[in-house]
Amino acid sequence: MITEIKVLSEKSVDEAKKILLSGGVVGMPTETVYGLAADGTNSQAVKKIFEIKGRPSDNPLIAHVHKDFDLNKLVYIEQDYVYDLIKAYMPGPLTLVFKSKNVVCKEAVCGGQTLAVRMPSHKGCAQLLKAVNLPLVAPSANLSKHTSPVTAKHVYDDLNGKLELILDGGKCLGGIESTVLDVTEKTPRILRAGLITKEMIEKVVGSCEIAEHKSGDKVKSPGVKYTHYKPKCQTALYEESDYEQAAARYEKETADGKRAYLMCADYIADKYPNLKALRLGNTPEEIASNLYDKLLEGEKIADIIIAVAMPDEKGVNMGIMNRLRKSCG
Ligand code: TXA
Ligand code: MG
């Protein structure tokens, strides 16, 4: 199969719509990362996603809908705070997990009773969702375990030959996947941290829990138990307070003949103007936005990426650290 990248336009959206309505899959941009989309009501189409990615069959998919789509068609909204969350943060990088009405097929939710739903704010993605007017299930458009893609070219690099069309909507600005929030109970619970932070949810709902994923637990968000986001080169991760050790490691690896790169915030890279660095920016939002792009750039030029952690786990840093530990830890 020949994979084409087409700039997102009325014409290419129409083409994507035709592919999706006939049971095919399409690469689509969102404000977080690129997704691999299929009609969530079509079992055969959904199975293709799992095949293409090599995704474990117990890891459910998120359904994406446009902002005027009636969620009551797909799920039971049982908690009143959900309406406040929708008003505050949707469309945007927030995914809500509800009890499903089973309109989205069982293959997409891996036989589970819940459905994760989100409304992307990316303009082109919204255009596509409006055109198909169906729930499109979409995981990140990478091979399972690899780093998530934030450009159409990243999708192509992983999935070339496995799908017909990738819509190019530019670089994803969010850079890390949506916050996944369980809203089936009295207190919402973060299953995967992201750009909509615990603090932002507390501001609207009053309280918010964070799911702990201990080994041996029955995992509520199966995706979190798998190796994830791994670039193709070697990696190491140092605490922010140990950045000097990261620099020493760089010197050691370089002396051993390896192509080493630091991956860190600009304020750390600035201390070592002579070391090669994948610079992430300074604010947490910048760092989230650049993280996967730099990992995917790094795997092409480095034998080892030596990453430096964020100083804490507050706000967006929680989501960044979740990804950094999995990709580089
Ligand atoms: O930003 C995003 O969320 C991106 C873009 C493409 O929308 N999508 C994404 O999908 O990250 P994926 O499949 O790579 O990750 C979905 C996460 C996994 O950790 C999965 O286990 C969890 O959401 N999830 C999906 N459905 C769930 C459900 N019903 N209950 C609990 N967790 C669920
Ligand atoms: Mg993923």
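Predicted model: local features only at pLDDT ≥ 70, side-chain atom pairs only at ≥ 80, totals over all residues.
**View 1. Helices α9 and α10 run side by side.**
Helix α9 covers residues 284-301 and helix α10 covers residues 316-328. Their axes sit 9 Å apart, with an angle of about 20 degrees between them. Since angles under 35 degrees count that way, α9 is roughly parallel to α10. The crossing of the pair is left-handed. On the α9 side, look for P284, E285, I287, A288, L291, Y292 and L295. Facing them from α10 are V316, N317, I320, R323, L324, S327 and C328. Sorted by class, that contact holds 10 nonpolar residues, 2 polar and 2 charged.

The crossing is right-handed here. From α3, the residues in the contact are Y81, D84, L85, A88 and Y89. Their partners in α6 are M200, I201, V204 and V205. The class count for this contact is 8 nonpolar residues, 1 charged and no polar.

How many disulfides does the count come to? The tally is 0. A pair would need its sulfur atoms within 2.5 Å. For C264, the nearest cysteine sulfur belongs to C328 and lies 12 Å away, so C264 is in no disulfide. C328 is in none either: its nearest cysteine sulfur is that of C233, at 7.9 Å. Buried or exposed, where does C264 fall? C264 is buried, with a relative accessible area of 0%. C328 also counts as buried, at 2% relative accessibility.

**View 2. K130 and its surroundings.**
K130 belongs to helix α4, which spans residues 123-132. Its relative accessible area is 45%, which puts K130 in the partly exposed class. Which residues does K130 contact, leaving aside its neighbours within four places in sequence? The answer is H66 and D68.

Terms used: Residues numbered from 1 in each chain as written. Chains lettered and ligands numbered in written order. Heavy atoms only, no water. Buried < 20%, exposed > 50% of the residue type's maximum accessible area, 1.4 Å probe, protein only. Helix = DSSP H or I, 4+ residues; strand = E, 2+ residues; numbered from the N terminus. Contact = heavy atoms within 4.5 Å. Axes fitted to C-alpha atoms, helices over the stretch in contact; angles between N-to-C directions. Parallel < 35°, antiparallel > 145°, perpendicular 65-115°, else oblique. Left-handed = near helix turned anticlockwise from the far one by under 90°. Nonpolar A, V, L, I, M, F, W, Y, C, P; charged D, E, K, R; others polar.
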